[in-house]
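Work through these exercises with the model open. Each task is followed by a worked solution.

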Amino acid sequence: MTETAAPRRLFNALESYERHDAFAEVLEPWLRSSGAGLRERLAPLAVYGAWRRESYEFGDLLELAYALLRVNDVLLLGFQPDLPPGAEQVLKHYLHMKREWPRITLDQYLTLFTALGMTPVGQGAFDPFWHEIVSVEQAKDPDTPITVTATVWPGLMFGELLFSRAGVRVRAGTSHAVAGVADRYPVHGVFIRRHREAICGSEFCGSNSQWKTDFRRDYRTVTADHFNVDGEKDIDGPGEEPHMTPEERRDLLRHRGLVRWPADPAVRPFPSPIGWRLTIPRKTRPGQAS
């Protein structure tokens with residue numbers, strides 16, 4: 001099995017698995033046979049600026065990372081809440097959740113991905129780079145900042161590259177995050193979620209062409225956060241959601257979805273951050289490079 005094919009074949013194996021110990025019977029054997037090769041193959045993505053697509057080749061690093069993201073996302077389903085009562089069925093559920101996916105423990109999940117070179121992240125204060133909002137407890141004071149009240153699943157970094165954000169429950173005022181928006185609006189750059197719609201670019205694609213989907217790359221370096229580095233559009237460019245404020249566009253990209261409705265009702269339904277890129281300098285301590 002080539003490193004390129006390994007995550008896709010693992011996804012298919014999990015999809016067809018019908019027993020009760022997927023970690024021992026599917027994931028551990030796959031890790032022994034393909035884990036080291038896949039980790040080495042993906043290594044150039046771990047450092048900001050170390051790799052870029054010069055020309056397209058099927059199964060290149062962006063598509064390989066996307067295939068592994070699919071594995072990650074179906075393993076996370078077991079930690080996530082169901083759709084809220086009365087919610088409409090989402091497309092990904094119709095296509096990919098006609099049966100229950102295998103469940104593993106949190107320790108097994110971390111064992112798998114740390115063996116692939118990932119580092120768990122997401123503890124501490126709320127940060128949209130690290131955290132994906134799963135549910136919102138609405139504070140009475142609209143100016144109450146977003147605070148984490150519980151972690152639903154951990155995040156993962158691959159060197160400087162964000163691989164998967166931590167899922168968190170939060171408390172916030174409506175000026176920062178609105179219940180029913182921040183936790184229900186479609187989340188971009190991920191394959192599937194149990195409790196909301198997810199959009200990754202593979203929607204409406206055929207059984208083979210859906211794997212020609214690129215992984216969204218966000219990097220955190222010492223000096224800056226780099227969002228969607230493969231994006232081809234300036235977030236403030238002409239025609240880029242002109243009815244949204246610069247702050248609203250940045251929130252949409254950083255959170256990978258809306259956290260509150262835009263102030264201008266002229267904003268088109270379901271604005272998307274796909275294609276935007278953004279670099280935000282990080283605050284540094286005295287003596288550090290700025």
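The lining of the largest pocket holds nine nonpolar, seven polar and six charged residues. This is a predicted model, where local features need pLDDT of at least 70, side-chain atom pairs count only at pLDDT 80 or more, and totals for chains, interfaces and linings use all residues. Residues are numbered from 1 along each chain as its sequence is written, and side-chain values use heavy atoms, without hydrogens and water.

**Exercise 1.** Describe the largest pocket.

Step 1. Its space is about 510 Å³.
Step 2. Of its 22 lining residues, Cys 200, Asp 214, Asn 228, Ile 274 and Gly 275 are closest to the centre.
Step 3. Helix H3 (residues 61-76) gives the most to this lining, with three residues.

Terms: on a 1 Å grid over the protein atoms alone, a pocket is an open set of points where a 1.4 Å probe fits, with protein on both sides within 12 Å along at least five of seven lines; lining residues have an atom within 4 Å of a point. Helices are DSSP runs (H or I, at least four residues).

**Exercise 2.** Find the residues nearest the centre of the second largest pocket.

Step 1. The volume of this pocket is about 260 Å³.
Step 2. Its lining has 16 residues; Val 90, Arg 184, Pro 186, Glu 197 and Phe 270 lie nearest the centre.
Step 3. By class, the lining has nine nonpolar, three polar and four charged residues.

**Exercise 3.** How do helix H1 (residues 6-16) and helix H2 (residues 22-42) pack?

Step 1. The angle is about 175 degrees, and the axes are 10 Å apart.
Step 2. H1 is therefore roughly antiparallel to H2 (angles over 145 degrees).

Notes. Points joined across faces, edges and corners; volume = space filled by probe spheres on them. Helix = DSSP H or I, 4+ residues; strand = E, 2+ residues; numbered from the N terminus. Nonpolar A, V, L, I, M, F, W, Y, C, P; charged D, E, K, R; others polar. Axes fitted to C-alpha atoms, helices over the stretch in contact; angles between N-to-C directions. Parallel < 35°, antiparallel > 145°, perpendicular 65-115°, else oblique.
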